[in-house]
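Some labels for a structure rest on cut-offs.

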Amino acid sequence: MVDFNIAIIPGDGIGVEVTAAAWEVSLAAAEICGVKLSATKFPWSCDHYIKTGAMMPLDGVETLRNYDAILLGAIGWPANVPDDVSLHGLLLRIRKEFDLYANVRPHKLLSGVTGPLRAENIDILCIRENTEGEYSGAGGRVHRGTADEVAVETSVFTRHGVERILRYGFEMARKRRRQLASVTKSNAQRYSMVFWDDVTRQLSAEYPDVEVRSYHVDAIAARMIMLPETLDVVVASNLFGDILSDIGAAIQGGLGFAASANIDPTGRSPSMFEPVHGSAPDIAGKDAANPIAAIWSAAMMFEHLGQTKLASRISDAVGRACARGVGAGLPSSSYGTRHITNEILLEIAR
Ligand code: NAD
Ligand code: IPM
Ligand code: MN
């Protein structure tokens with residue numbers, strides 16, 4: 001009897017390397033915890049596109065519905081397939097069609113990891129809206145190639161979408177240090193962003209125990225670097241959350257440390273877990289990728305599946321390996337994917 005069926009989409013570039021590491025660690029930890037895992041690997045990637053003309057089969061999303069969760073590496077190989085084709089054909093499609101509206105990205109500087117800042121107590125949880133906003137897909141391009149060319153891309157903010165992500169942020173803040181930073185650019189964008197601020201204010205009445213502050217995205221970008229210790233939960237729109245979570249990744253030691261979860265809080269669809277980083281063509285195939293972001297994403301997956309012990313077996317092992325200096329000096333460290341994975345496997349067994 002299998003407890004969980006996981007769909008693995010390694011994708012492109014280092015996605016293949018880091019998902020292999022994350023699954024190896026998952027299996028080792030699951031065996032110790034007495035959890036039976038089974039995985040189906042899907043070869044959906046830019047190579048698959050070259051071979052078949054599609055990133056995934058037409059019924060690919062429906063196929064994924066049969067799994068308890070999805071573990072994804074990274075998608076994109078712009079030298080062969082344009083990014084807007086590959087990402088919309090797979091990653092963004094899954095997020096939207098499964099309505100995985102909460103993109104949860106922990107930016108915690110683990111002890112032993114060298115970040116670029118002096119601050120040591122960095123523990124920010126970025127909650128990114130994942131289905132609408134600037135990524136709505138509404139737009140068009142006319143008079144291509146002429147002097148009259150026009151491109152329009154409309155952000156879409158609905159009460160349904162904004163309210164549910166803010167509520168998710170408030171709930172997360174309640175479980176943590178009870179501080180919520182709501183991010184907009186309402187000094188310049190007077191409709192969608194003022195609306196977001198209004199909904200933040202309305203909901204705050206329901207959460208009197210949470211201290212809420214609204215920030216402009218430019219100001220919070222600076223604050224994440226100058227005063228990161230003052231931030232707890234940060235909730236932002238799709239694009240702002242995307243950008244802020246790369247800052248979050250940077251201040252936690254690099255993209256190789258930033259994990260993420262695309263969650264459907266209703267539980268109707270399988271949720272998807274992936275590192276924040278991409279396929280990193282510059283280091284792919286060189287055993288140079290830090291697998292910690294992917295391994296940490298697997299821990300988030302087991303947490304989501306209710307396997308708290310298994311999740312902490314993995315995250316504690318990552319924490320101890322880092323405390324011993326395994327992640328020190330990354331990304332320029334001489335430690336490779338294999339070495340870091342081995343060190344984490346040692347800690348799993350301990
Ligand atoms: P990227 O995240 O792939 O790489 C940015 C920089 O960070 C590179 O120098 C890379 O070497 C480094 N880096 C990333 N992950 C690392 C790791 N685990 N260990 C060590 N260093 C790491 O971003 P990019 O270069 O803008 O994008 C490359 C491709 O990936 C593009 O096709 C892009 O669209 C795609 N992408 C996909 C996802 C995803 O599937 N979730 C996310 C971001 C980018
Ligand atoms: C991320 C990525 C994606 C995003 C890209 C590859 C479409 O940058 O997951 O952060 O913008 O959501
Ligand atoms: Mn991103």
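Angles under 35 degrees count as roughly parallel, over 145 as roughly antiparallel, 65 to 115 as roughly perpendicular and the rest as oblique. This is a predicted model: local features need pLDDT of at least 70, side-chain atom pairs count only at pLDDT 80 or more, and totals for chains, interfaces and linings use all residues. Residues are numbered from 1 along each chain as its sequence is written, and side-chain values use heavy atoms, with hydrogens and water left out.

Q: Why are H10 and H11 called roughly antiparallel?
A: Helix H10 (residues 292-304) and helix H11 (residues 308-323) pack at about 155°. The cut-off is over 145, so H10 and H11 are roughly antiparallel to each other.

Q: What makes the Glu 274 side chain a polar contact of ligand 1?
A: A polar contact is a pair of N or O atoms within 3.5 Å; within protein, one must be able to donate a hydrogen and the other to accept it, and residues adjacent in sequence count only if both atoms are side-chain atoms. An N or O atom in the Glu 274 side chain is 3.0 Å from a nitrogen atom of ligand 1.

Q: Which side chains have an N or O atom at 2.8 Å from an oxygen atom of ligand 2?
A: Arg 105 has one, and Asp 242 has one. For Arg 128, the distance to a ligand 2 oxygen is 2.7 Å.

Definitions and conventions: Chains are lettered from A and ligands numbered from 1 in the order in which they are written. Axes are lines fitted to C-alpha atoms, for helices over the stretch in contact, and angles run from 0 to 180 degrees between N-to-C directions. Helices (H or I, at least four residues) and strands (E, at least two) are DSSP runs, numbered from the N terminus.
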